[in-house]
Amino acid sequence: MAPEPPLLSMSGITKSFPGVRALDGVDLDVQAGEVHCLLGQNGAGKSTLIKVLAGAHQPDTGTIRWRGEDVTLRSPIAAMRLGIATIYQELDLVEHLSVAENVYLGHEPTAAGFVVRRRTARTRTAQMLQRLGHPEIEPGRLVGELSAAQQQIVSMARALSHDVRLIVMDEPSAALDPDEVDNLFRIVGDLTADGVAVVYISHRLEEIRRIGDRVTVLKDGRAVAVGLPAKSTPTRDVVALMTGRNVEYVFPDRPVGVAGGTPVLQVQGLAREGEFEPLDLEVRPGEIVGLAGLVGSGRSEILETIYGARKPSAGQVLVDGRALGPGSVRAAVRAGLGLAPEERKAQALLMLESVTRNVSVSSMSRFAHAGWIDRGAELGAARAATRELSLRPDNPAVPVRTLSGGNQQKAVLARWLLRGCRVLLLDEPTRGVDVGARAELYAVVRRLADEGLAVLLVSSEVPEVLGLADRVLVLREGRVVHTASARDLDEHRVLDLVMEGSPAS
């Protein structure tokens, strides 16, 4: 008797976006009733793969078989009709609708083919919430009034309102406390006992061992391991698969001595409820301090709070010993802080404007006189700043959108050089930058620090943090679990800390 085919089989899946090959021949097979864990660092291709599975992206090449038959998932509706539901980390609920309305959105129970049976929807929703262990969630309550954990339960109820056979869960435990995680695992166990398959995405390896049956690991858009046994594969082997690299990181020499002098930046008890716990750190002139941690650990939120883009719930930020007004970007910039954000195209650059205007935008008071802008002075200052960073092409009049990723990042850095910032906050500085340009950016950042700038760096690439920073703070779930000189850490040690946790030191 021939064995049953996998419930889902994805073979040779490729997907490219402008300048990026997100998936490069990925294979994935999922059996009915199993928990198949999908692992990989940020940028490995996990999100793209599940969007292909959800029908949100169309693969460039490759095949998808569902219950042994080739299928084309042309839309999320097509995937849902087959029985494939996806619960994204960023929940896609409608906050001004009720719980029941969200659960049955798009497939409301009707009478006579067109009259919506609201009472039926509420009754069925209450039954599903009871099954999910959350009878306290009222079907008539607005979703916007619920906690993040409760909203996730509503998303699960919405998946179960269909005849679902496979559920993709993207970081489902990120917003849950330990008791809620236990309930989540009970729900997953009940689903798989009924033959429903679960694709489970998480950075927490302890969860994978507890709940997973098999593991597929993605790295740089490729499946470097398919169907490993979740409970018996050594953690170090999984970490090695996730972090194996095809490129060399060329870092400038680190200064021999420790940066001295009075701290330029001091962070004292800074916290944002629900995002990160009270944090203390200092950065001295000439020092690069790195924040290492996984997505969701609070790294970017810390930088944005220091910069004033988010208001803290506690603590303060001091520059040169003077406290900044909380939640004020203007105060931060005036004090000498500059931020190069993770999403530079959306958050930092004026894509239709020239390099000159992008560099000068934070220093316009230098060039504006009696309502007129001195274009010559603006151009000259921008040219000097971009030449200092070897930005190419050497023509600040060109639109910034025409530059490569590395040169766009240099334009952001040139803006803060022109402003004369004292503290540079770098969030994912080499995101979307090719290999050759990375080494240039590393050299630029190191030189700026050597000239006295204080730098606070966030990166998902652990080798980048260890190779560029002088001192590293390791974050896990919003708190610092370890602080050490970068010389005293290696990649495996950092990944062990961020994935498994460690007492603060």
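In the predicted structure, 29 salt bridges are present. One of these joins the side chains of Asp70 and Arg65, with an N to O distance of 2.5 Å. The two partners fall into separate accessibility classes: Asp70 is exposed, its relative accessible area being 54%, whereas Arg65 is partly exposed at 33%.

Two further pairs involve residues located in helices. The side chains of Arg118 and Glu101 form a salt bridge at 3.7 Å, N to O. Arg118 belongs to helix α4, which spans residues 118–131, and Glu101 to helix α3, which spans residues 99–103; the contact therefore ties together parts separated by 17 residues in sequence. Glu101 has a relative accessible area of 33% and is thus classed as partly exposed, given that this class covers values between 20% and 50%.

A salt bridge is likewise found between Arg210 and Asp182, whose closest N and O atoms lie 2.6 Å apart. Because Arg210 is part of helix α7 (residues 205–211) and Asp182 is part of helix α6 (residues 178–193), this pair ties together parts that are 28 residues apart in sequence.

Technical notes
Residues numbered from 1 in each chain as written. Predicted model: local features only at pLDDT ≥ 70, side-chain atom pairs only at ≥ 80, totals over all residues. Heavy atoms only, no water. Salt bridge = Lys/Arg side-chain N within 4 Å of Asp/Glu carboxyl O. Buried < 20%, exposed > 50% of the residue type's maximum accessible area, 1.4 Å probe, protein only. Helix = DSSP H or I, 4+ residues; strand = E, 2+ residues; numbered from the N terminus.
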